[in-house]
Amino acid sequence: MTSVINTERLALRPWEDSDVDFVYDLYSRWVVQRFIGTEPAVMESRAEAEERVRRFQDLDHPVHGIWAVTRKEDGLPVGTLLLKPIPASGEEPLQPSDDVEIGWHFHPDHWGNGFAAEAAAAVLEHAFASGIEQVVAVTNPANEASQSVCRRIGMEHLGQSKKYYNAKCELFLVKNPSLEP
Ligand SMILES: CC(C)(COP(=O)(O)OP(=O)(O)OC[C@H]1O[C@@H](n2cnc3c(N)ncnc32)[C@H](O)[C@@H]1OP(=O)(O)O)[C@@H](O)C(=O)NCCC(=O)NCCS
C-alpha cells in the first residue's frame, strides 16, 4: 500500500479511479512525454489513462510507490512521483534491476513552483528512513529541467550511462546519509 506523504505544500497519495482525467491530460501532452522513454509518444485515449491508473495502483510495496502529487490547499493533482526498481538495459522486455530509481512527471500548469523538488525530496527522505541504501535517477541528456530537480534534491551527477532502459542517459545518484561511514 502506497503510504501518504505530506510536505509543506503538497500531499502525495495513492492514485484514485477519479484521477483518470488528470492522468490523460498529463500524459497526452508532448511537453511532458518528449523526454520519457526511448521512443517518446503521447497517450492517445482515455482507455490508456484508465490502464495507467490501474498500473500505478498495482505497485504494492512497503517502501516503493507511485504517488499522485496533489496540492494541499485544494487537493488538485499536479503530478506523479515514482520510487521503484529501475529496468536494466538488455533484451526486451526489460527486467527490473536491483537499483531503485526516483522519477517525476508534472503538469506544465504547475512547473516553476518547486513542486517537483519538494515532492521528490520528501520521497527520498521516506526511502532513506525505510533503509534504502541509495537511489538513482536517469534523464534524457536534453532534459535540463529534470537534471535541475536531481541537483536540487542533492543527487550527484555521474555522467552518461547506458546501464538502464537501453538508452544513453545522464545518471544521478544519492546515497543514504545515515548509512555512510
Ligand atoms: C522535470 C519537471 C518535473 C521539472 O519541473 P519544474 O517545475 O522545473 O521543477 P520544480 O517543480 O522543482 O520547479 C523548479 C523551479 O521552481 C522554482 N522554485 C523552487 N522552489 C520554489 C518555491 N518554494 N516557490 C516557488 N518557486 C520555486 C525554482 O526557481 C525552479 O526554477 P528554475 O529551474 O528556473 O530555477 C518538469 O519539467 C516535467 O514534469 N517535465 C516533463 C516530464 C519529465 O521530463 N520528467 C522527467 C523525466 S527524467
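## Cores, ligand site and backbone of a predicted model

In this predicted model, the largest nonpolar core holds 32 residues, and L81, L83, I102 and V135 have the most contacts inside it. Two or more residues of this core come from each of β2 (10-13), β3 (65-71), β4 (77-87), β5 (96-106), α4 (115-129), β6 (134-139), α5 (144-152) and β8 (169-175). The element that gives the most is α4, with 10 residues. Another core, of 15 residues, lies apart from this one; F22, M43, V53 and L59 are among its members. In soluble globular proteins, nonpolar side chains tend to be buried together.

The UniProt record, an unreviewed entry, annotates residues 10-178 as "domain: N-acetyltransferase". Over residues 10-178 the chain is 29% helix and 31% strand, with the end C-alpha atoms 25 Å apart.

Helix α5 has a buried side and an exposed side. S146, Q147, V149 and C150 of α5 are buried. These residues lie on the same side of α5 because they cover an arc of only 155° around the axis. E144, A145 and R152 are exposed on the other side of α5. An α-helix has 3.6 residues a turn, so residues three or four places apart point the same way.

R152 also belongs to the ligand site. There are 20 residues around the ligand, of which W104, F106, G112, N143 and R152 come nearest.

| Protein atom | Ligand atom | Distance |
|---|---|---|
| R9, polar side-chain atom | nitrogen | 3.5 Å |
| N113, polar backbone atom | nitrogen | 3.3 Å |
| R152, polar side-chain atom | oxygen | 2.8 Å |

On its own the ligand has 960 Å² of accessible area, and the protein covers 67% of this.

Most residues other than glycine have a negative phi, and most peptide bonds are trans. The peptide bond from E92 to P93 is cis, with omega near -5°, and P93 is in the loop between β4 and β5.

Two further cases concern phi. Y165, which is not a glycine, has a positive phi of about 60°; Y165 is found in the loop between β7 (156-161) and β8. With a relative accessible area of 27%, Y165 is partly exposed. N166 also has a positive phi, near 50°, and is a residue other than glycine. The loop between β7 and β8 holds N166, and N166 is partly exposed, with a relative accessible area of 35%.

Conventions
Residues numbered from 1 in each chain as written. Predicted model: local features only at pLDDT ≥ 70, side-chain atom pairs only at ≥ 80, totals over all residues. Heavy atoms only, no water. Core = buried A, V, L, I, M, F, W, Y, C linked by side-chain atoms within 4.5 Å. Buried < 20%, exposed > 50% of the residue type's maximum accessible area, 1.4 Å probe, protein only. Helix = DSSP H or I, 4+ residues; strand = E, 2+ residues; numbered from the N terminus. UniProt positions renumbered as here; feature names shortened; annotations may be inferred. Near = heavy atom within 4 Å. Polar contact = N/O pair within 3.5 Å; in protein donor to acceptor, adjacent residues only side chain to side chain. Areas by Shrake-Rupley, 256 points an atom, 1.4 Å probe, with all protein chains shown as cover. Arc of directions from axis to C-beta.
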